[in-house]
Structure formats: structure tokens, C-alpha cells
Amino acid sequence: MFSNQDPLADGLPDELLDSFMQTWGTRSFSPQTVLIQEGDEGDSMFILHSGRVKIYASGEGGRELVLDELGRGQCFGELSLDGARRSVSVKTLQPTTCTVVNGANLQEAFKQFPGLAPHLMMRLIRMVRRLTEQVKRLALQDVYGRVVGVLMELSDPVGEIRVMRQRLTQQDIADRVGSSREMVHRVMRELTIGGYVDVDSTTRLLTIRKRFPQAW
């Protein structure tokens, strides 16, 4: 089983990333490039060497629900191995480099790197758990509960506070919780007034100062 320096990242180790690069090379993509389109056919898996992508589903009117964001060492597209159409879309957020492994080469990769299959299995287990929590939030919680869930999921404890791992706009949060930016703005405004969150003066990241109330 592969070790993982960041247990939240589900990332492949550097030595395996280097092996994939040497074997199948890399491709570079500009920001805002759609790598996978929901509903398309395809059997390729993408392995990220640098950059960042978002995984999302689209609704009527172009509205998006962001399911996840991935960075170095993570992979996506493996669900297409069952032959079904792509279930989500994936777009680059930054200049991104990937190794693209098609279905035939992936079977060879499983033979050449025996640890790859169990790594993907564990990643899929974690993904199912994470998506289950997202579905529960969307179905059972109000907007406040969903916003708090996202803030907790994307932050890490630093002493007595929590700090977000990345900068998010209110629209970014709205896309993750399936709500409007205006509603998220109202929730964040009340949390700020109550002293629960603010922006760290050094990192410029959102900081969670104290435990959130159960309801608002």
C-alpha cells in the first residue's frame, strides 16, 4: 500500500508519479480547459503532476455543482473503466500537467505497478464516503448547515483555530452547496458579525475562530 504524506489528498507518491511520467509522458493544459465532459464516451484516466482541477456536474442554465477539487498526485477519470459514459465534467483551474493513460495502458499499469489497484480502490472508498456526506448535506441540511460543512471539510486545525486550505469566493462556496451566492453571502455575513470567521491578516485565508452553532 502506498504511503501518503497528506491523508486528505489521496495522492500517489512521487516515485510512482515519476514512473508514469517516464512511461507515458505528460500533456499540458491551459486554465479553464475542459478535460472531461459529462455524458461523453472515454476510457482514459488522468494523473495530475501539477496544477489543479475541479470536478463538477452541470444543470439547466449552466448552473454548476462542484463535487471536488484535485491537485498534484491525484487522479480522475477512472470510473470510465466500466465502459459507461462520463458521469461528471472536469475543468482545469490553473496551468495543469497530466499523464493521460488510456484503458489498454491502464491494464498494463496494474501489472507493472501492483500497488496501483489497491490505491485506487481505497481512493474510491474515500470518494464514496465524501460524496455520501455531500448528498446528506444537500438533502437534509439547510444552507447554513451546508456552508458550515464545506468550511469544516476544507479547513485544517492550527492550534485553537481552523484555517482554510485554499481561498474561496462566496460563489465558489455557493457552487459547492447548491445555493445562490446571495444566500451564502447572508450566512457568511452573520458568521463574520458573530466572530466565528474572519480573514487571516497574514495568509489572507478564511479563519474559523470558534465552534459553529448547531443552527442559525
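**Close-up views of a predicted model**

View 1. In helix 5 (residues 170-177), the buried residues are I173, A174, D175, R176 and V177. Buried means under 20% relative accessible area, exposed over 50%, and partly exposed in between (1.4 Å probe, protein chains only). Helices (H or I, at least four residues) and strands (E, at least two) are DSSP runs, numbered from the N terminus. Which elements do the buried residues of helix 5 pack against? They pack against strand 5 (64-70), helix 3 (116-140), helix 4 (143-153) and helix 6 (181-193). Contact here means heavy atoms within 4.5 Å. G178 follows helix 5 and has a positive phi, near 70°.

This is a predicted model: local features need pLDDT of at least 70, side-chain atom pairs count only at pLDDT 80 or more, and totals for chains, interfaces and linings use all residues. Residues are numbered from 1 along each chain as its sequence is written, and side-chain values use heavy atoms, with hydrogens and water left out.

View 2. Strand 9 (residues 155-158) pairs with strand 10 (residues 161-164) in the antiparallel sense, over four bridges. Two strands pair if DSSP finds at least two bridges between them. S155 stands opposite M164 in strand 10. Two residues lie between the strands of this hairpin. In the turn, G159 has a positive phi of about 65°.

View 3. Strand 3 (residues 45-50) pairs with strand 6 over two bridges, in the antiparallel sense. F46 stands opposite F76 in strand 6.

**View 4. The whole protein.** Six helices and twelve strands make up the secondary structure. The C-alpha atoms fill a box of roughly 55 × 40 × 30 Å, taken along the principal axes. Of the 216 residues, 42% count as buried. Among contacts between residues at least 6 apart in sequence, 67% join residues at least 24 apart.
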